[in-house]
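The sequence and coordinates are shown first.

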Amino acid sequence: MSRPRLRILVSLLAALLLAPAALVWPAPAEEAKLLNQIRQQMAPAYKRYEGIHSLRHSRVYEYDAQTGELVREMKVTAERRDFFYRYPEVRVLSYEANGVSLSPEKFSSYEFSPPYPVFDEQGESRYHLALEGLVRMGNENCYRVRVDPKRRTGRHFSGYMYFHEESLDLVYLKGTLARLTFGLREFEIEFHFTMMDGTPVFEKGVARGRAYVPFFQPDRRLISYMEMPRQKLIPRPAVVQ
């Protein structure tokens, strides 16, 4: 076998080994039951908590979208309050660009209101869900759920969610916004989750995007790698009777 063909074969085998492999396709009755169990498990968290307070470390790479040239490499540490239904609160603690420490105020964070939750009490009215089977994620078996929004807006998620086979905890999420907000040409997220008091909490992930606004924002591709070393849930304020 020639070397080029051997390299192609090795690449194909690697892709097959790394990709989530479908194992089982559920029956319709099982699909409805599992989706209902996931909703019952997740929905109460949105009543108990209003979001997540965290410390986030980010490494951001900014590229010229036309040439592919690296423009800036940034390191950012921020204190965040990411709410389930409203705009986040962000305080940048440190900022470094191309190895030079700069004032935190100089970092401009691109933020927007979060997508509506898929598995809260209103989720069924906002999303179509399909259980696509049991797949292998690392060392675990997970149910893969396809999420299709019923409306194409910047507040709706579109993509896939992965839930642990036994616990039904959210493990991984990959997708985009159903409609990109102003200035965004491309956007995709991959998030890994951990559980805290029965609530999935973003632990680490990557966001990829392309932003361009004529005369204001040059055409740039951005890749942001994020880790959350410290986080806690934000309880909902007590209702005064």
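Arg126 lies over the face of Tyr116, at 4.1 Å from the ring centre. A charge is taken to sit over a ring if NZ of Lys or CZ of Arg is within 6 Å of the ring centre and within 35 degrees of the ring normal. The charged end of Arg86 also sits over a ring, that of Phe83, 3.6 Å from its centre.

The model is predicted: local features need pLDDT of at least 70, side-chain atom pairs count only at pLDDT 80 or more, and totals for chains, interfaces and linings use all residues. Residues are numbered from 1 along each chain as its sequence is written, and side-chain values use heavy atoms, with hydrogens and water left out.

**Overall composition**

The protein has 4 helices and 12 strands; these are DSSP runs numbered from the N terminus (helices: H or I, at least four residues; strands: E, at least two). Of the 241 residues, 42% are buried, where buried means under 20% relative accessible area, exposed over 50%, and partly exposed in between (1.4 Å probe, protein chains only). Among the contacts with a separation of 6 or more, 51% are made by residues 24 or more positions apart; a contact means heavy atoms within 4.5 Å.

**Aromatic pairs**

The structure holds 11 aromatic pairs. Rings of Phe, Tyr and Trp (its six-membered ring) pair if their centres lie within 6.5 Å; planes under 30 degrees apart count as stacked, over 60 as edge-to-face and the rest as tilted. Two of the pairs are set out below.

| Pair | Centre to centre | Angle between planes | Geometry |
|---|---|---|---|
| Tyr110 and Phe112 | 6.1 Å | 70° | edge-to-face |
| Phe191 and Phe193 | 6.5 Å | 70° | edge-to-face |

Tyr110 is partly exposed at 46% relative accessible area, and Phe112 is partly exposed at 22%. Phe191 and Phe193, by contrast, are buried. Elsewhere, ring pairs link Tyr46, Phe84 and Tyr85 into a cluster.

Asp219 is located in strand β12 (residues 217-235) and is buried, with a relative accessible area of 8%. Its side chain makes polar contacts with the side chains of Arg210, at 2.6 Å, and Gln66, at 2.7 Å. A polar contact is a pair of N or O atoms within 3.5 Å; within protein, one must be able to donate a hydrogen and the other to accept it, and residues adjacent in sequence count only if both atoms are side-chain atoms. Beyond four places in sequence, the residues that Asp219 touches include Tyr63, Asp64, Arg185 and Tyr212.

Glu62 belongs to strand β2 (residues 49-64) and counts as buried at 7% relative accessibility. The side chains of Glu62 and Arg72 form a polar contact of 2.7 Å. Other residues touched by Glu62, again leaving out those up to four places away in sequence, include Met74, Arg220 and Leu222.

**Nonpolar cores**

What is the size of the largest nonpolar core? This core has 34 residues, and those with the most contacts inside it are Val118, Phe119, Val147, Phe157, Met161 and Phe163. Its largest share, 5 residues, comes from strand β10 (residues 184-196). Another core, of 7 residues, lies apart from it and has Val60, Val92, Tyr95 and Phe107 among its members. A nonpolar core is a set of buried Ala, Val, Leu, Ile, Met, Phe, Trp, Tyr and Cys residues joined through side-chain atoms within 4.5 Å. Val118 is in contact with residues including Val147, Phe157 and Met161, its neighbours within four places in sequence being left aside.

**Hairpins and backbone geometry**

Strands β8 (residues 157-164) and β9 (residues 170-177) pair in the antiparallel sense over 7 bridges; two strands pair if DSSP finds at least two bridges between them. Tyr160 has Lys174 of β9 as its bridge partner. The hairpin of β8 and β9 has 5 residues between the strands, and Leu168 in the turn has a positive phi of about 65°.

Strand β9 also pairs with β10 in the antiparallel sense, over 4 bridges, and Tyr172 has His192 of β10 as its bridge partner. In this hairpin, 6 residues lie between the strands, and Gly183 takes a positive phi near 95°.

Asn98, at about 50°, is in the loop between β4 (89-97) and β5 (100-102) and is partly exposed, with a relative accessible area of 48%. Phe215, at about 75°, is in the loop between β11 (199-213) and β12 and counts as exposed at 86% relative accessibility.
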